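Please look through the structure below.

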Amino acid sequence: MLGFALLSIFIGCFVIPVIYIITKWISFLRIFQEPLGSNADGGIESELDQNALLRSHGYEIGDQIGQGTYADVKKAYSINNKKEVAIKIVNKRESGTGKNDRFLKREIEILKWLNHKNVIRVYDLIDGAHKFFIVMELAPKGDLLSLLQQCCKLGEDEAKVMFKSIVDGVLHCHRKGVTHRDLKLENILLSDDHQPIVTDFGFARYIGKIESQRARSRTFCGSYAYVAPEILQGIPYDGMASDVWSLGVVLYTMVCGRFPFDDSDPKQLLKETTSGKLEYPITAFCLSVQIKDLISKMLTANVRERITLNEAFDHPWLKNV
């Protein structure tokens, strides 16, 4: 008993303090081993370097307006063009995995290739030491999700004008052989005059223009609430057909103020999206037969029977906009 007590005193008085001192000493040494400005948040120095780099290219950086997994979006002012812009800042170290690096290069190439008033425009590309900067047009009115959170839903006539512009922008991509693969309310921005602008081409891919020759995708892209049943099933899918489904979800939500399917359980979601049943809330009683027909054709589970985006653009509901 006495020996045990003496051992406890020895550990408490000598061993534990020594371990504590060694731990602190190691932490102290690590501070000097890390390069200046290399902390996880980028460091004050790297932030200053970033601002200096952008200023040398004619941009004054402003507040953050968006945040993603490996990129932030900040407002900036273009000194040369005398107007506000948005800058997507991609951390190379965080996005440097093979998959993310591939998506980033693909996004940049696609954005340089597209040119449409309802598709986000790229003004400049700046390659820094640790970050990549994509200078884009600024959409000051937020996104479609924020708009619906404020007003719950849009009237049919207002939705018609906005949705035709959205379809027109995505159709431009399809005609170029590009599928977006992540269409959702958050990725439809609003300009000063509330014109919709399709953005975030991080999952976009060139698959070809001719339907019979289009490459099929296998990567799960998008958010559960918007993805087509063929993606949920894990089978190779036509990205352009899945874009049509996603836009069908967007249109339904615009005029109903809620999603058409419950996305809280993937298995239940698959069951609902393949059932062929589409229910409307009581508040949607005044929707026209034509808009319901278009939504139904866009949210058709059978890919071969689903309407194409060209056909959607020429649908009677959108014909006289």
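## Salt bridges

Glu60 counts as partly exposed, at 33% relative accessibility. Here buried means under 20% relative accessible area, exposed means over 50%, and partly exposed lies in between (1.4 Å probe, protein chains only). This is a predicted model: local features need pLDDT of at least 70, side-chain atom pairs count only at pLDDT 80 or more, and totals for chains, interfaces and linings use all residues. Residues are numbered from 1 along each chain as its sequence is written, and side-chain values use heavy atoms, with hydrogens and water left out.

Side chains of opposite charge can pair when their charged atoms come close. A salt bridge is a side-chain nitrogen of Lys or Arg within 4 Å of a carboxyl oxygen of Asp or Glu. The structure holds 9 of these salt bridges. One of them joins Glu60 to Arg55, at 3.2 Å from N to O. Arg55 is partly exposed, with a relative accessible area of 42%. Lys319 and Asp314 form another salt bridge, with their closest N and O atoms 3.9 Å apart. Asp314 is partly exposed at 45% relative accessibility.

Arg121 and Glu137 also meet in a salt bridge, 3.4 Å from N to O. This pair links distant parts of the chain, 16 residues apart. Arg121 lies in the loop between helix H4 (98-113) and strand S4 (122-127), and Glu137 lies in strand S5 (residues 131-137). Helices (H or I, at least four residues) and strands (E, at least two) are DSSP runs, numbered from the N terminus. Is Glu137 buried or exposed? Glu137 is buried, at 9% relative accessibility. Arg121 is partly exposed, at 36%.

## Strand S5 and its partners

In S5, 7 of the 7 residues are buried, so the strand is largely enclosed by the rest of the structure. Two strands pair if DSSP finds at least two bridges between them. S5 pairs with strand S3 (residues 83-91) in the antiparallel sense, over 7 bridges. Asn91 has Lys131 of S5 as its bridge partner.

S4 pairs with S5 too, again antiparallel, over 5 bridges. Leu125 has Ile134 of S5 as its bridge partner. S4 and S5 form a hairpin, with 3 residues between them.

## Pockets

On a 1 Å grid over the protein atoms alone, a pocket is an open set of points with protein on both sides within 12 Å along at least five of seven lines, and a cavity is a set where a 1.4 Å probe fits but cannot get out; lining residues have an atom within 4 Å of a point. Grid points are joined across faces, edges and corners, and a volume is the space filled by probe spheres set on the points.

The largest pocket has a volume of about 910 Å³. It is lined by 33 residues, and Gln67, Val73, Lys88, Asn187 and Asp200 lie nearest its centre. Strand S1 (59-67), strand S2 (71-78), S3, H4 and S5 each supply at least two lining residues. The second largest pocket holds about 460 Å³ of space. Of its 22 lining residues, Glu211, Arg214, Asp238, Ala241 and Thr308 are the closest to its centre.

## The cavity

How many cavities of 30 Å³ or more does the structure hold? The structure holds 1. The largest cavity has a volume of about 60 Å³. Its lining has 13 residues, and the closest to its centre are Arg181, Asp182, Cys221, Ile231 and Ser246. Helix H8 (residues 239-256) gives the largest share of this lining, 3 residues.
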